[in-house]
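Here is a short briefing on one protein chain. Look over the sequence and the fold before reading on.

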Amino acid sequence: MTADAVTVRRLVEAELGKLGDARVETYIRGLLVEPTPGLRDWDYGKPGEQYVCWTVLEHPLSNNSIAYCEDGFGPRSPWGLLFLTGEYMSLGMDSQWYPTFLQTFFESKAATYLPIWRVFKTDATGVREAVTNEGTWDETWAKVMARRSADPTASYDCGTSITYERE
């Protein structure tokens with residue numbers, strides 16, 4: 001497939017249709033921009049090699065964007081977290097590229113501005129359950145650290161109960 005603005009917009013809309021939380025969908029829609037192509041350097045190829053990335057979401061507070069790129073880490077992981085401005089304007093590393101738009105969003109700094117985070121406890125058998133109500137990113141991480149100190153035999157982490165289909 002050769003990406004264009006219409007195709008990329010359809011990909012985003014298809015994923016938003018899988019999202020089970022109106023708060024998150026409304027927030028994401030407020031950050032979406034018209035898909036815009038731009039060239040980004042590919043750090044793992046020949047000097048000067050570049051690929052077209054389609055920016056679809058911008059979060060100026062964190063200087064982050066989400067972009068779609070069929071080359072580089074795509075097609076396996078075509079959705080990337082990229083800087084909006086600054087010194088590091090390449091495609092970056094594989095650890096910032098994901099198979100789906102929503103996975104990319106939930107890994108982004110933009111997602112931390114939503115009060116959707118909960119403490120999860122994983123017991124020795126591998127069962128993971130939410131042990132707090134939703135809260136802010138910072139509040140939830142403070143609770144994670146307090147629980148880790150009080151109960152070092154269990155595993156505690158920060159996550160969300162928001163559901164969406166993953167590929």
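What percentage of the 167 residues of the protein count as buried? The answer is 43%. The model is predicted.

**Fold**
- The protein holds four helices and eight strands.
- Read from the N terminus, the order is α-α-β-β-β-β-β-α-β-β-α-β.
- Of the contacts between residues at least 6 apart in sequence, 49% link residues at least 24 apart.

**Dimensions and surface**
- Along the principal axes, the C-alpha atoms fill a box of roughly 50 × 35 × 30 Å.
- The accessible surface is about 9,300 Å². Carbon and sulfur atoms account for 52% of that surface.

**Charge**
- There are 16 positive and 24 negative side chains.
- The centres of these two sets lie 5 Å apart.

**Helix 1**
- Helix 1 covers residues 5-16, 12 residues in total.
- From first C-alpha to last, helix 1 reaches 17 Å, close to the expected 16 Å.
- Asp 4 caps the N-terminal end of helix 1. One of its side-chain oxygens sits 3.2 Å from the backbone nitrogen of Val 6.
- The buried residues of helix 1 are Ala 5, Thr 7, Val 8, Val 12, Glu 15 and Leu 16.
- Residues three or four places apart in an α-helix point the same way, because there are 3.6 residues a turn.
- Cover for the buried residues of helix 1 includes helix 2 (22-31) and helix 3 (101-107). Strand 1 (32-41), strand 2 (50-59), strand 3 (64-68) and strand 4 (79-83) are also among the covering elements.

Key: Residues numbered from 1 in each chain as written. Predicted model: local features only at pLDDT ≥ 70, side-chain atom pairs only at ≥ 80, totals over all residues. Heavy atoms only, no water. Helix = DSSP H or I, 4+ residues; strand = E, 2+ residues; numbered from the N terminus. Buried < 20%, exposed > 50% of the residue type's maximum accessible area, 1.4 Å probe, protein only. Contact = heavy atoms within 4.5 Å. Areas by Shrake-Rupley, 256 points an atom, 1.4 Å probe, with all protein chains shown as cover. Lys, Arg positive; Asp, Glu negative; His and termini not counted. Charge placed at Lys NZ, Arg CZ, Asp CG, Glu CD. Expected span 1.5 Å × (residues − 1). Polar contact = N/O pair within 3.5 Å; in protein donor to acceptor, adjacent residues only side chain to side chain.
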